[in-house]
Amino acid sequence: MSFDEKVRVNAYLVHPTPHIEVDTAKCRTCKTRPCLRLCPAGCYRELPSGEVAFYHDACLECGTCRIICTLGAVRWSYPEAGFGIWYRFG
Ligand code: SF4
């Protein structure tokens, strides 16, 4: 089973309030934007305007974006208890 197939069978209970906050003003100054390439769930996307958009609903709670953002634009926390991803394949 591929990574994408495993991810698709997970279940989510998405909290309406994102558990990760992104300071897009800092993103505007970022030259490398590693979040666009390294988030395994594709939660960070570049809009046609060049802005970085963040979508929390598919987050795997891996913590990668917290570590790779060198500008400190990501304020990271786990979702409220009972919300977020329910892994089915570990
Ligand atoms: Fe993506 Fe992982 Fe950050 Fe969630 S915690 S947004 S899956 S890099």
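**Salt bridges and a buried glutamate**

The side chains of R75 and E21 meet in a salt bridge at 3.4 Å, N to O (a side-chain nitrogen of Lys or Arg within 4 Å of a carboxyl oxygen of Asp or Glu). R75 sits in strand β5 (residues 74-76) and E21 in strand β2 (residues 20-22), so this pair ties together parts that are 54 residues apart in sequence (strands are DSSP E runs of at least two residues, helices H or I runs of at least four, numbered from the N terminus). Keep in mind that this is a predicted model, where local features need pLDDT of at least 70, side-chain atom pairs count only at pLDDT 80 or more, and totals for chains, interfaces and linings use all residues. Residues are numbered from 1 along each chain as its sequence is written, and side-chain values use heavy atoms, leaving out hydrogens and water.

**Salt bridges**
- The whole structure has 3 salt bridges.
- E51 and R28 pair up at 3.0 Å, N to O, linking the loop between β3 (44-46) and β4 with helix α2 (residues 24-28).
- E46 and R33 meet at 2.6 Å, N to O; R33 is buried, with a relative accessible area of 11% (buried means under 20%, exposed over 50%, partly exposed in between, with a 1.4 Å probe and protein chains only).
- E46 counts as partly exposed at 48%.

**E61**
- The E61 side chain does reach the backbone nitrogen of I85, at 3.1 Å.

Conventions. A polar contact is a pair of N or O atoms within 3.5 Å; within protein, one must be able to donate a hydrogen and the other to accept it, and residues adjacent in sequence count only if both atoms are side-chain atoms.
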